Amino acid sequence: MSGPAHGLFDGPAPRLRAAPASAPFLDLLAGAMADALYKPDDPFALSDALVLLPNRRAVKGLIDAFAKRLGGTALLPAIRFLGDPQADDDPEVWGADPSNLDSPPGIAPMRQRMELASLIRARDVAANGVEDPVRAIALADELSKLLQSAATVDNVDWKLLPRLVEEIDLARHWANSAAFLSIVTEFWPQHLAEQGLTDPAARGSAIRRALAAQWAKNPPDRPVVIAGSTGSIASTRELMRVVAALPCGVVVLPGVDVDLDEESWEAVSDQHPQFALKETLKALGVARRDIPLLGEETAHGRARRVLVREALAPAEKTADWLQRLSDAGGAAFVQAGAQGMRLIEAQTEDEEATAIALLLREALEHPDRTAALATPDAALARRVEAKLARWGVSPQVSHGRPLLESPPGALVALLCDLARDPGDPVALAAFLKHPRVLIARDTQALAELEHQAFRGPRRYDTLEELEALDKLEKLEGCRRIVARTREVLAPLIAVMDAELITLGEFSDKLVEAADIATAKTAWSYADGEQLGRTIQQIIEHGEMLRPMRADAAPRVLMKLLEGVEEKRQPGGDPRIAIWGLLEARLQRRDLMILGGLNEGQWPAPPAEDPFLSRPMRAKLGLPSLDQRIGLAAHDFAQLANAPEVVLTRAQRREGSPTLASRWLWRLQTLVKGAQASIATADEVLHWARALDQPAQSRTTKIPRPKPPADKRLKRISVTAVETLIRDPYAIYARRILGLEALKPLNAPAGPAERGSAVHKAIELFEEGDDHALLAQLLDEELRHAGIPPERRVAERARLQVSINTLIAWLAERRALNATVYREKKGVLPIDGVELSGIADRIEIGPGHVAILDFKTGAPATKAQVESGLSPQLPLEAAMLARGVFEDVPQAETTELVYWRFGNADPTPKPLALDAMAEADKALTALTGLLHRYAQADQPFLSKPRVLKVRIYDDYDQLARRKEWADAEDDE
C-alpha cells in the first residue's frame with residue numbers, strides 16, 4: 001500500500017488522494033487544505049482555492065470542519081457542489097462564482113413534467129390507448145429519470161432505438177416504447193433549444209464538460225480540489241481528469257480500496273461498493289496502488305475496512321472467505337475489526353425507533369459527544385424524531401415532512417376531495433374542522449351538524465339536499481354552516497361542472513376557494529408559502545397539459561404534489577442529527593447509527609424502467625439499474641467504517657417478518673465463521689422495552705357499577721327489556737350515564753337502518769293492495785335511510801317476494817273484519833318506572849285480538865319467549881290489556897305474531913302459546929326485575945346472559961370486556 005502523501009498538492013500529476021474509510025472525510029480534507037495553504041499571518045491564504053463537493057450537506061459540513069480546524073477568523077475557499085458549480089443564487093454554496101461559462105438555463109421542473117406528460121397524452125390518444133392525465137404525469141416522471149440517467153454517461157446512441165427490438169428479439173410491446181422514445185429523443189432536445197432552455201441534468205453535465213474544457217485550455221493557477229465524489233457521472237469523471245492534471249489541482253476519492261487484490265478488483269460489478277470508483281480510475285487512467293493515502297490509517301481502521309470489504313466481496317470471491325481472513329490475521333483480526341461495532345435487532349419498527357432515540361438521547365449526556373442516525377427509511381427517521389420529542393430534544397434533520405401532510409397540504413387535499421364530491425361527509429367534516437378554515441366558528445352547531453348529518457349513513461347527495469335535511473330543519477346554526485360552505489365551494493363546484501377544463505383553471509378555483517375559506521391565511525407560514533409557490537407553478541404551466549375531463553383535474557393536482565417535501569427550517573441541536581443517505585455521505589459523528597438495515601429498505605430494489613428493458617438499456621449505453629445498489633453499498637461501507645457504529649433493524653415491519661439486509665447478513669455470517677462476534681446492544685433494547693412498561697401489572701376486574709337509587713332507571717322500552725335481561729351494563733351506560741355510541745362518518749347503512757325503512761314503508765302503505773305503491777314506498781324509505789342506489793336495485797328484487805306475500809296476507813286478514821291500529825305508542829307505569837312501547841300493528845275484531853311485530857332480522861323463537869328472555873310481544877299484550885296504547889281500546893290478546901319481511905322466505909310466524917298467560921308472566925318478571933334494579937346494591941353487570949358467542953357490542957369496550965372476559969373464560 002502507498003504511504004501518506006507529503007502534502008495535498010505535492011507530487012506529479014495526475015494528482016489523486018485516497019481518504020481512508022475510517023477517517024472523518026471532511027475533517028481530514030479541511031486539515032489537509034489548512035496544512036497546505038493556510039498561513040496564520042495571511043487570512044486570505046485559503047480564499048483563492050475552490051473546492052467542489054458532491055452535495056449541499058457536504059458544503060455545510062466542510063465549512064464547519066474548517067471552523068473547527070482553524071478555530072479563528074479566516075476567509076474560506078469557494079465551496080460548491082458538483083451538481084451545478086454555477087449556482088450563484090443558491091444559499092447553500094460558499095464563495096464567488098468559479099467560472100464565467102455561458103449556458104442556457106435549465107427548464108423548470110414543473111414545466112418539464114407538464115410538457116412531457118402532454119407528449120405522453122398525445123401518444124396515448126394516437127394509439128387509442130388509456131388516456132389518463134394522471135398516468136401521463138407518472139410516466140413523465142419516469143421519462144425524466146430516463147433523460148437524467150442518459151445525462152450521466154458519455155454517449156447514448158438513441159439512433160439504435162428503431163431496430164433494437166428486432167436485434168435483441170424482445171416482446172413486441174417494447175416496439176411501441178421504442179417508437180415513442182424515438183420521437184422524444186428527437187423532438188425534446190430540439191424543442192428545448194428553440195425555447196432557449198436545456199434539460200437540468202444535461203445542463204449540469206454540459207457545465208462540467210465546458211468547465212473541464214476551459215481549464216484544460218487555460219489551466220487556473222488557483223488551487224482546485226474535487227473531493228468526496230465517486231465519479232459515478234461521466235462528466236464529473238471528465239472534470240476530475242482535468243483537475244487532477246492541473247498545476248495546483250487534486251482529486252480526493254472517498255474510501256477507494258487501494259490494497260484490494262487484483263483478482264477481486266477485476267470481479268467488482270455494478271452492485272459492488274467499489275464499482276463507481278473502479279470506473280472512475282479507469283477513466284482517469286490511474287492505478288489504485290499509485291494513489292497515496294490522505295492521512296494515516298490506524299490499525300483498527302484497517303481491520304474494520306478489511307472486515308467490511310470482505311463482507312461485501314463479490315459473490316464469486318466468498319468461497320475462500322475464511323482463508324482470506326486467516327491470511328489477514330485470523331479471528332483476532334476479525335474481532336479487532338468488529339470492535340466498536342454493535343447490533344440491535346428490535347422486534348418492531350417502533351421498538352427500533354425507540355432504541356435509536358435512546359442512543360441519541362444518551363449522547364447528549366456528554367457535552368462534547370455527537371451522534372447521528374443515517375437511514376434511507378424516511379418513516380423510521382420521522383419515528384425517531386417523534387420519539388426524541390418526548391424529552392424535548394430537537395435534532396438536526398435532513399428529511400422533510402410530505403407537503404400534503406402539512407396543514408395547508410391537508411386543506412388542498414380536502415378541497416380536491418370536495419371538488420369530486422362536494423357532499424362527501426368525511427371530507428366535509430375534516431374541512432370544517434381544519435385549523436385554518438373559518439366557516440364553522442360555532443362549534444356547538446358544527447358538532448350538531450356532524451352528529452345529525454355526517455355520522456351514520458349518508459342521506460343526501462348534494463349540499464342543497466344536505467341543507468334541506470329534515471334533521472336540520474330546526475337547527476338554524478347547522479343550516480348556516482352548510483349555506484356558508486356552499487358559498488365557499490361555489491367556484492370549485494362551478495368549474496367542475498364543465499366537461500373539459502385545464503389544470504390551471506381548476507387550480508386557480510381551488511386557490512380561490514381556499515382563500516375564501518381561510519380569509520387568505522391558507523398560505524401563511526413556511527409550509528403555506530412553499531405550497532403556494534408550488535401551486536402557482538402548476539397554474540403557470542398547467543395549460544401545457546391540455547384540457548382534461550373535470551373529474552381528472554383533482555387527481556392530477558394531487559399527483560403533482562405527491563412526494564413534494566416541506567423544506568425544513570435550519571435548527572435543532574447540532575450534536576445529534578438524522579440524515580438520509582445522500583446527506584450522510586462524507587459526514588461523521590462520534591456515534592454513527594445505521595438504521596433500517598432490512599432487505600428492501602437498505603438496499604432498496606432498483607425501480608424498473610417502464611420504457612426500456614434491461615437489454616435495451618445496455619445496448620443503448622445507458623447505465624445499469626443495479627448501479628444504485630452499488631452506490632448504496634458504498635454508502636453502507638463508508639458509514640460502517642466509523643470507529644463507533646450501531647447497526648439496527650426491525651425483525652417485523654408493519655406486522656410482517658423481515659429479512660436482514662444482505663450486507664448485514666453477510667457481515668454477521670463472516671464474523672461468526674471467523675469464531676468472532678459482533679457485540680449486541682441488548683441493554684438499549686431493555687431500556688426501550690422498559691420505557692413504557694407499567695410499574696406493575698393490574699388485572700382488570702369485571703365492572704359492577706352501582707349507581708345511587710335516585711339515579712337508576714326511570715323509563716325503559718319493551719325492546720330494551722331484553723337488553724336489561726341479557727346485558728344490564730349496556731342499559732346502565734346508555735340510560736343512566738347517557739352515553740351513545742357514535743356512528744362512524746359516512747358509515748354504510750346497516751340492518752338497523754334497513755329495518756326502520758321497512759317499518760316506515762309498511763306503516764305508510766296501510767291496508768292497500770297496490771304492489772307498485774309498496775315497492776315505491778320501500779325504495780323511497782331505503783333512500784332516506786342512506787342506502788345507495790346500487791344496493792336499492794338489489795333490494796327491489798329481494799323485497800318483491802315479501803311484497804307479494806304481505807299483500808296476499810293483508811287480504812286474508814281483512815276477512816277477519818278487525819280494526820287495525822298501526823304504530824301506536826303506550827306507556828305503562830311499573831313501580832316508578834315507565835314501560836314504553838310502540839306496537840307495529842294491533843288488530844281487534846270479534847273474538848280476535850292480535851299484536852304483530854314486523855322484523856327484517858330473525859325474530860325471537862317460541863322457546864326464547866317462553867323462557868322470558870325475549871318478552872317484547874308479551875309485554876305489549878300486557879300493556880294492551882291495561883289500555884295504555886293511545887287511541888286503542890283495552891283488550892286481551894289472543895294471538896302474538898312475528899312477521900319477517902325481506903328475507904328469502906317471508907311469512908308470518910305466530911307464537912303458539914297462551915298470549916295472556918305469557919303477558920302476565922312477563923309483566924310479573926319485569927316488575928321483579930325492575931324492583932331488583934331499583935335497589936342501590938344491585939350491580940349492572942356486563943352480559944350475564946350472552947345471546948351470541950364472542951359478539952362484542954357498542955358498550956363492551958367501555959366495560960373492557962376483552963380484558964377480563966378471557967381471564968374469566970367467557971364464552
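Trainee: Where is Gln872 placed?
Mentor: Gln872 lies in helix 35, residues 872–881; helices are DSSP runs of H or I with at least four residues, numbered from the N terminus. This is a predicted model, in which local features need pLDDT of at least 70, side-chain atom pairs count only at pLDDT 80 or more, and totals for chains, interfaces and linings use all residues. Residues are numbered from 1 along each chain as its sequence is written, and side-chain values use heavy atoms, without hydrogens and water.

Trainee: Is Gln872 buried or exposed?
Mentor: Gln872 is buried, because its relative accessible area is 11% (buried is under 20%, exposed over 50%, partly exposed in between, with a 1.4 Å probe and protein chains only).

Trainee: Which residues is it in contact with, leaving aside its neighbours within four places in sequence?
Mentor: Gln872 is in contact with Val718, Thr719, Asp853 and Lys855, where contact means heavy atoms within 4.5 Å.

Trainee: Now Leu958. Where is that one?
Mentor: Leu958 sits in the loop between helix 36 (915–933) and helix 37 (961–965). Leu958 is partly exposed, because its relative accessible area is 41%.

Trainee: On to helices again: which ones each supply at least two residues of the lining of the largest cavity?
Mentor: Those are helix 11 (299–311) and helix 26 (627–640).
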